[in-house]
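Open the model in your viewer and keep the sequence panel beside it. The stops below say what to select and what is there.

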Amino acid sequence: MVAMQRNEMPMTNKEKQDREQLLFLEEKLPYCADSSPRSDPRSVGKPVSASARRDRKSLQDVLLPEGLTAVKLAVGLNKAEELQDKLEHELNQNSAETRRRYAQSILLWFFWDGIGGLARQTWQAYQDEQIETSILRYMYLTAEPLVGNCVAQCLFPLEDGMLIPPTYFERYLRDTLGQEPPPKTLKRLKTNLAKLGFLDRSSTQGDRLNRINVDKTAFLIVFHSIFSPAGARTAELTHILKNPFWKYMGIKSEHAVRLILREADAASLFGKYVVADQLEQVTTCFSLPELLKRKVKL
């Protein structure tokens with residue numbers, strides 16, 4: 001952390017708390033070691049274009065609106081090549097090479113489980129852009145670990161509204177990449193976090209952690225895609241919480257996860273929610289296709 005200059009204004013109590021929290025986190029957080037099990041794209045379906053994966057220190061600007069367009073275009077298509085061709089004609093960039101590269105990135109980020117995967121299934125069931133945007137955020141953060149790890153490890157422990165010094169992101173990238181981060185990567189990391197809703201970059205004081213409006217229906221959809229993809233299953237809460245999907249969706253505490261699960265149980269959307277001694281577990285009653293067919297909302 002950079003020491004306070006003599007001509008700076010004294011810090012408020014809130015700023016002092018933020019500074020103390022950051023100092024603690026910089027000492028304790030293992031930025032480059034993520035022990036949380038990630039949803040592996042390969043466990044759901046073959047990635048659309050594994051050869052298109054970029055070098056781990058390279059980032060492109062996330063394309064959420066274009067991803068939403070792609071999901072709508074994907075309805076009725078059978079092959080990723082067909083969707084890429086449609087996207088290349090739909091995107092409005094002047095350069096054909098840029099349109100090709102953007103289309104490949106969209107497939108890599110949002111269709112890593114196949115053209116008929118979670119993103120398209122959700123759109124066909126709900127046709128709700130708010131729900132779909134939450135699904136696309138999850139898909140992107142799963143496919144782009146440099147950004148996903150930043151959300152799950154660095155941003156998750158911070159309080160909403162907290163002012164985040166630029167050095168916080170620089171250290172994360174330095175520790176993760178094992179070298180000084182390219183300036184463009186640092187810039188795009190923060191830009192993408194803002195586009196995803198995690199950062200408010202409008203203040204002249206610097207970047208602030210933004211509060212994500214959690215879509216509980218999208219949470220249920222992703223939950224079932226991971227823990228109940230093909231039929232009723234039982235999952236222990238400890239196993240659920242180890243998966244970072246809920247952090248990608250903007251949930252800020254384990255308690256908040258429990259509240260959503262209990263709300264779903266009260267709405268008869270689970271088979272049962274059991275708490276006994278040291279055991280806490282959820283048993284689903286729907287597979288993902290059944291949940292989507294019923295157009296369940298929470």
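Predicted model: local features only at pLDDT ≥ 70, side-chain atom pairs only at ≥ 80, totals over all residues.

Step back into helix α9, residues 166–177. How far apart are its end C-alpha atoms? They are 17 Å apart; at 1.5 Å a residue, the 12 residues should span 16 Å, so the two values agree.

Now show the side chains of α9. Tyr168, Phe169, Tyr172, Leu173, Thr176 and Leu177 are buried. Look down the helix axis: these buried residues fall within an arc of 145 degrees, so they line one face of α9. The general rule behind this view is that an α-helix has 3.6 residues a turn, so residues three or four places apart point the same way.

Next, the sheet. Select β1, β2 and β3: they form an open sheet of 3 strands, in the order β1-β3-β2, with antiparallel pairing. Which strands are at the edges? They are β1 (163–164) and β2 (199–200), each pairing on one side only. Zoom in on β2 and β3 (residues 207–209), which pair over 2 bridges in the antiparallel sense. Pick Asp200, and find its bridge partner, Arg208, in β3.

Now turn to charged pairs. The structure holds 9 salt bridges.

**Lys297 and Asp128.** Their side chains meet in a salt bridge at 3.8 Å, N to O. Lys297 lies in the segment after α15 (288–293), and Asp128 lies in the loop between α6 (118–126) and α7 (129–143), so the pair ties together parts 169 residues apart in sequence. Color by accessibility here. Lys297 is exposed, at 53% relative accessible area, while Asp128 is partly exposed, at 22%.

**Glu263 and Lys216.** This salt bridge spans 2.9 Å, N to O. Glu263 belongs to helix α14 (residues 254–266) and Lys216 to helix α11 (residues 216–227), so the contact ties together parts that are 47 residues apart in sequence. Glu263 is partly exposed, with a relative accessible area of 33%. Lys216 is partly exposed too, at 29%.

**Arg258 and Glu280.** Stay on α14 and select Arg258. Its side chain meets that of Glu280 in a salt bridge (3.2 Å, N to O). Glu280 lies in strand β6 (residues 279–284), so the pair ties helix α14 to a part 22 residues apart in sequence. Is Glu280 buried or exposed? Glu280 is buried, with a relative accessible area of 17%. Arg258 counts as partly exposed, at 26%.

Technical notes: Residues numbered from 1 in each chain as written. Heavy atoms only, no water. Helix = DSSP H or I, 4+ residues; strand = E, 2+ residues; numbered from the N terminus. Expected span 1.5 Å × (residues − 1). Buried < 20%, exposed > 50% of the residue type's maximum accessible area, 1.4 Å probe, protein only. Arc of directions from axis to C-beta. Pairing = 2+ DSSP bridges. Salt bridge = Lys/Arg side-chain N within 4 Å of Asp/Glu carboxyl O.
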